[in-house]
2 protein chains.
Amino acid sequence: MDKEKLIIKAFLNELNGDDGAVIKNWCLSKDLFFENVHFKREWLSLEQIASKAMLVNISDAIVMNAVPRYALLGLALPKNLNENQIKDLQRGFLKTAKKFGIKIIGGDTISNEKIDISITLLSKIRKKAIYRKGLKIGHLLAFTGELGQSLKGLELLQKGGSLEAKHRFIKPKLRKDFFYKIANKVVCAMDISDGLSKDLSRLLELNQLGISWFKTLDFYELYSGEEYEILFAFEKKDKEFIEKMAQKYKLKLNIFGQAVKGKYEFRGKEHHF
Amino acid sequence: MDKEKLIIKAFLNELNGDDGAVIKNWCLSKDLFFENVHFKREWLSLEQIASKAMLVNISDAIVMNAVPRYALLGLALPKNLNENQIKDLQRGFLKTAKKFGIKIIGGDTISNEKIDISITLLSKIRKKAIYRKGLKIGHLLAFTGELGQSLKGLELLQKGGSLEAKHRFIKPKLRKDFFYKIANKVVCAMDISDGLSKDLSRLLELNQLGISWFKTLDFYELYSGEEYEILFAFEKKDKEFIEKMAQKYKLKLNIFGQAVKGKYEFRGKEHHF
């Protein structure tokens, strides 16, 4: 059993396992964003680091059909950061918080050897929360946008290259407006953080179902992590509406399969630096 | 300006600055508990590390007059921890959560070089929240218990000694029952995490007041951090009630001063490893 599974199993109860936990009409989510685990200092500017730390957390709230409202920041920062560097980090947090209407309400700051960020979001659930559970035989499986760029960007960085500020690996594109619009037709969803193949396997395992593929996806589509596109499912009767909304929001929609009896086994491996 | 101040200032708004942030009738708090910042592996067992990480967070909720209900765990764990070591950590989280009626509802786990823990608590506010703000001239200042043991324990550990499992540095004593009982008479409060002198200076600065001392405190009482005793204030007319409750809960109560016009300047320094 891998370590993450071991830990999840140990703490599992009826509230765990989704991108966020639902308490009354609030969604609570928490993601870590640690130096040398999620990023390297030479790859992203400090403002970009702070902004991406916020975005990967906001992504969790969106896929739960919740509107992020408040954030707590846990910041472990190296002693040698100077005032300008701290201001760069601040700018990243504050600009992204402002863009999404989030108020930073507290947190904790300590000195550390590297930049390790922990963000907790308190998000208001819209009409009803969307969970990972809820998939039934016959539901269509889809993801938003195009997958692969994040891993391609990472590979370039690892070879010493650099990326444009708007590259997905630097600044994930979140599908807030489109997803809120279709949310009442969505039966289950999660964001794609560890690669479609891995995340799909989690979704199918949880719902004890398999998939009948409509198309062949390539290596990058299957294994690129940190995409923060949305993996979701819906009933066939809503296909037309969802396709229309994708068009309206100028979004590529990939309906790649259908839930069937059976099970899906993950055969790839997660990428690590 | 020190780094913490710089950061607090950058993110400050009307909701920041207390041990927790109040949203409707909930209190949200977050404390980091990082290896080589807050503890060394040779000082505490893994179960003790997890338990203390929970306790320092629960302390924040108690001083806000809130009852901790839900926790999110952010765990960055070294790859070389084995299954038994992970179970030891789990035991610490779960036993302490159970003791205080807390449900662990989610979080995030990653591989890291050291054990870095970030906990977020969602706590239900009892009748009303208690803030750091609220001190007025004439209010009596007090702390619970005895201060100094935490720093003495730390010094012993730094010299290569070891501490009993029940030592305060290993397992802070929280004053939940007493504090909830007197809460409606408390005008402001915070826990003593950085030493009475430092924390008192924060309280007085925030309330723009000074202190008239009733007694002389020694070095350890003033400068011992991570005590998690409670620094609080109340009106003179409630002194008798509070003293009676301290007796009832077999707790030492130290009424050490009175709020006066003026300002208090912190002259000591925080202890760091």
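Begin by selecting E7 and strand E9 (residues 230-234) in chain B, which run antiparallel and are joined by five bridges; strands here are DSSP runs of E, at least two residues long, and helices are runs of H or I of at least four, numbered from the N terminus. This is a predicted model, in which local features need pLDDT of at least 70 and side-chain atom pairs count only at pLDDT 80 or more, while totals for chains, interfaces and linings use all residues. Residues are numbered from 1 along each chain as its sequence is written, chains are lettered from A and ligands numbered from 1 in the order in which they are written, and side-chain values use heavy atoms, with hydrogens and water left out.

Now click B:Asp191, whose bridge partner in E9(B) is B:Ile230.

**Where the chains meet**

Show both chains and select the contact, to which chain A gives 54 residues and chain B gives 54 residues. Between them, chain A and chain B bury about 4,600 Å², with 68% of it on carbon and sulfur atoms; buried area is the accessible area (1.4 Å probe) that two parts lose on being put together, summed over both. Across this interface of chain A and chain B, the rule finds zero salt bridges, a salt bridge being a side-chain nitrogen of Lys or Arg within 4 Å of a carboxyl oxygen of Asp or Glu.

Conventions
Two strands pair if DSSP finds at least two bridges between them. Contact means heavy atoms within 4.5 Å.
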